[in-house]
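Subject: The structure, and what turned up in it

Hello,

Here is the structure for you to open next to this email. Have a look first, then read on.

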Amino acid sequence: MKAIPHEPALDNTLALLREGYEFIGRRCGRLNTDIFVTRLLLKRAICVRGASAAEMFYGGDRFTRNGAMPQTTLRLLQDKGSVQALDDGAHRQRKAMFLSLLLAADPVERLRRIFREEWLEALRHWQRRGEISLFEEVNLILTRSVARCEISAEGLCRELSGVVENAGGFGPSTWLALWRRRRTERFVGSVVRRIRSGELTLGENAPIRIISEHRDETGNLLEISDAAVEIINILRPVVAIGRYIVFTAMALNEQQQWADRFAAGDEASLEAFAEEVRRLYPFFPFIGGVARETFVWHGYRIDKGAWVLLDLHGTNHDSRRFPAPDTFSLDRYIGWRMQGFDFVPHGGGDASVTHRCPGEAVTVALMKEAIRVLTRSMTYEITDKVSPLDLSRIPALPKKGLQLRDIRRSDTGAGQ
């Protein structure tokens with residue numbers, strides 16, 4: 001049995017906070033390995049990267065998400081009782097519900113149309129303002145698109161975007177985000193009760209109704225709290241797409257030749273452009289799991305109970321799979337439809353059985369629509385030169401959320 005390479009440091013928590021997305025990749029490069037062991041938060045952690053590591057991590061039910069991340073991160077992003085916290089048959093049965101909601105063509109197309117309508121409506125107001133933060137405005141558009149319910153879109157947007165922004169941090173802002181999330185859960189729980197009692201009537205295919213009436217593998221309705229968490233797990237990831245849309249605007253600014261082609265009506269390259277944005281730009285840096293059994297991977301023994309971190313960012317920038325990984329290129333032949341282990345912005349493997357996020361179809365559809373609107377329906381200037389993203393910040397975001405000014409409606413009529 002081979003010894004796992006060791007990072008010689010008493011504890012690397014401060015180094016992780018300082019280096020962010022590059023923490024695992026730098027050490028893998030320095031140690032010439034795809035696996036090493038270190039200590040984080042005074043706890044032994046095995047860090048891995050690459051397609052083979054992603055297959056080990058996502059395939060075979062070897063890992064559980066329970067106990068794999070700090071409690072604040074868990075409660076903000078997923079919370080107890082959510083699909084991501086389940087294993088085996090319970091996970092697959094709950095996941096099937098999400099797949100029925102997120103991969104069907106009609107709901108995705110409907111959300112795309114609503115998203116476009118909301119953006120064009122917001123554009124009317126942007127023209128009268130000096131400048132806007134694209135990140136803040138797109139988050140509000142996404143909230144209005146996905147949650148047409150009895151709560152102000154502005155308030156819900158702050159709460160949903162806050163859980164993502166503070167998931168990698170500590171301190172007062174994280175505590176405030178946790179409090180706001182609990183408030184949102186209580187509100188959504190009241191909606192679930194009204195649906196179940198018949199007081200609130202929604203369409204048969206309404207996602208909130210489907211989740212409210214979903215039964216687990218034993219045939220029982222979900223607990224009110226679990227149903228509320230899963231409804232938020234539909235709302236929150238859609239709002240989180242705002243970060244990818246900001247990255248899309250940055251890529252269009254940096255790849256002017258593609259912006260010109262899309263403005264002229266190119267539809268064939270939209271998806272490849274969106275997927276390359278998802279590969280190149282940083283979303284979350286890594287994902288954690290706890291080994292459910294002892295097993296051997298490439299000659300290394302990973303014991304039951306081991307805490308393992310998979311480098312998502314490093315896997316998407318692995319030069320063995322993606323030559324010139326820091327270069328933007330539409331010749332990668334990647335996409336969510338492939339369901340493999342080398343392109344993992346939303347996880348790896350078959351989404352119907354693994355912990356891969358089922359929302360990739362929605363993400364890519366809305367990113368494609370954002371490209372259409374940004375290149376065909378409006379003109380604008382970015383207020384400052386876009387500086388390189390700070391990869392020590394988790395999650396990463398450009399300064400001020402990418403400020404735009406001199407915004408004008410300017411439909412080209414191409415590919416609407």
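Below are some notes on strands, helices and salt bridges.

Please keep in mind that this is a predicted model, where local features need pLDDT of at least 70 and side-chain atom pairs count only at pLDDT 80 or more, while totals for chains, interfaces and linings use all residues. Residues are numbered from 1 along each chain as its sequence is written, and side-chain values use heavy atoms, leaving out hydrogens and water.

Let me start with an open sheet of 3 strands, in the order β4-β10-β9 with antiparallel pairing. (Helices, H or I of at least four residues, and strands, E of at least two, are DSSP runs numbered from the N terminus; two strands pair if DSSP finds at least two bridges between them.) Its edge strands are β4 (131-133) and β9 (378-382), each pairing on one side only. Between β4 and β10 (residues 403-409) there are 3 bridges, and glutamate 131 sits opposite arginine 405 in β10. Helix α7 (residues 134-146) packs on this sheet and touches β4 and β10, its direction making about 65 degrees with that of β4. Contact here means heavy atoms within 4.5 Å, and angles run from 0 to 180 degrees between N-to-C directions, with axes fitted to C-alpha atoms, for helices over the stretch in contact.

Next, β8 (residues 307-311): 5 of its 5 residues are buried, so this strand is largely enclosed by the rest of the structure. (Buried means under 20% relative accessible area, exposed over 50%, partly exposed in between, with a 1.4 Å probe and protein chains only.) Trp307, Leu309 and Asp311 are on one side, Val308 and Leu310 on the other. Strand β2 (residues 43-49) runs parallel to β8, joined by 4 bridges, whereas β5 (residues 286-291) pairs with β8 in the antiparallel sense over 5 bridges.

Finally, the charges. The structure holds 31 salt bridges, each a side-chain nitrogen of Lys or Arg within 4 Å of a carboxyl oxygen of Asp or Glu. One of them joins glutamate 369 and arginine 112, with the closest N and O atoms 2.6 Å apart. This pair links distant parts of the chain, helix α15 and helix α6 (residues 105-126), 257 residues apart, and both residues are buried. They also belong to a salt-bridge network with Glu109, Arg113, Arg116, Glu267, Arg372 and Arg376. In another pair, arginine 278 and glutamate 275 come to 2.8 Å; being 3 residues apart in helix α13 (residues 270-280), they are separated by about one helical turn.

Best wishes
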